[in-house]
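Have the model open beside you as you go.

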Amino acid sequence: MTDERGEYAELRRRRPEYFTNPPDAAVEILDGAEQVAAAERAKAAALRARGLPAEWSRTGVVYRDEYVTLVRDPVRLPGGTVGTYVRKLPTGGADGVVLLPVLDGAVVLVEHFRHATRRWHLEAPRGFGEAGVAADEQAVRELREELGVAPTRLVDLGEVHPDTGTATDAVRLYLAEIAELGPVGAAEGIRAPRAHPPERVGELIRDGTITDSFTIAAWTRAWLRGLLTGSR
């Protein structure tokens with residue numbers, strides 16, 4: 001059995017930014033053996049009352065691979081009750097990237113089969129961050145892998161938090177101007193790229209054809225900043 005509490009303590013030491021308690025925090029991450037034990041007992045009791053496994057109350061690192069780390073924190077909730085809360089952290093600690101490619105004024109999206117949803121999605125190229133690699137450098141790598149091209153210009157559109165309820169992830173958005181299309185990343189489950197006028201992408205978002213939140217965020221940020229032809 002792995003020492004999930006030992007891993008958790010080491011993670012807190014290495015990445016303290018994930019465990020800060022700002023002065024106005026509504027949910028406080030607890031420290032100290034007595035506080036942690038009290039939080040676990042309270043959560044275990046609540047789980048038993050619902051017929052669920054009490055071991056789901058145990059705090060620490062509950063899962064880790066090269067991409068994601070799941071932790072269960074001991075917390076004090078609004079109102080003063082204590083318990084536990086699960087969060088997802090990027091194992092490498094680096095931001096992911098999303099690119100909105102623009103070719104001759106048209107927005108280029110790819111059809112990407114996603115294992116999680118078991119369906120094809122029309123979306124902007126994106127990828128996990130890599131420790132020690134700057135976000136703009138990672139953006140260039142992702143564009144090469146998915147569309148086979150390098151950008152002629154990158155515009156930083158800022159960050160977005162895709163799931164503030166359970167994940168710490170911050171993803172960096174870019175508009176990427178390109179001069180051509182190369183071979184798509186078929187090995188990653190990508191098929192034909194699709195070029196659309198920016199207004200048409202907005203219609204596809206409005207009508208629910210595009211459901212990928214990263215693509216919606218990147219297009220919206222670029223559109224509202226007036227960076228797409230026809231945007232206002």
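Before we start: this is a predicted model, where local features need pLDDT of at least 70, side-chain atom pairs count only at pLDDT 80 or more, and totals for chains, interfaces and linings use all residues. Residues are numbered from 1 along each chain as its sequence is written, and side-chain values use heavy atoms, with hydrogens and water left out.

**Exercise 1.** Are Trp219 and Trp223 buried or exposed?

Solution. Buried means under 20% relative accessible area, exposed over 50%, and partly exposed in between (1.4 Å probe, protein chains only). Both Trp219 and Trp223 are buried.

**Exercise 2.** Which kind of aromatic pair do Phe113 and Trp120 form?

Solution. Rings of Phe, Tyr and Trp (its six-membered ring) pair if their centres lie within 6.5 Å; planes under 30 degrees apart are stacked, over 60 edge-to-face, and the rest tilted. The structure holds 4 aromatic pairs. For Phe113 and Trp120, the centres are 5.5 Å apart with 70° between the planes, an edge-to-face pair. Trp219 and Trp223 also pair: their planes meet at 20° with centres 5.1 Å apart, so this pair is stacked.

**Exercise 3.** Which charged residue lies over the face of Trp120?

Solution. A charge sits over a ring if NZ of Lys or CZ of Arg is within 6 Å of the ring centre and within 35 degrees of the ring normal. Arg191 lies over Trp120, 3.8 Å from the ring centre. Trp120 itself is partly exposed, because its relative accessibility is 35%. Elsewhere, the charged end of Arg87 sits over the ring of Phe19, at 5.2 Å from its centre.
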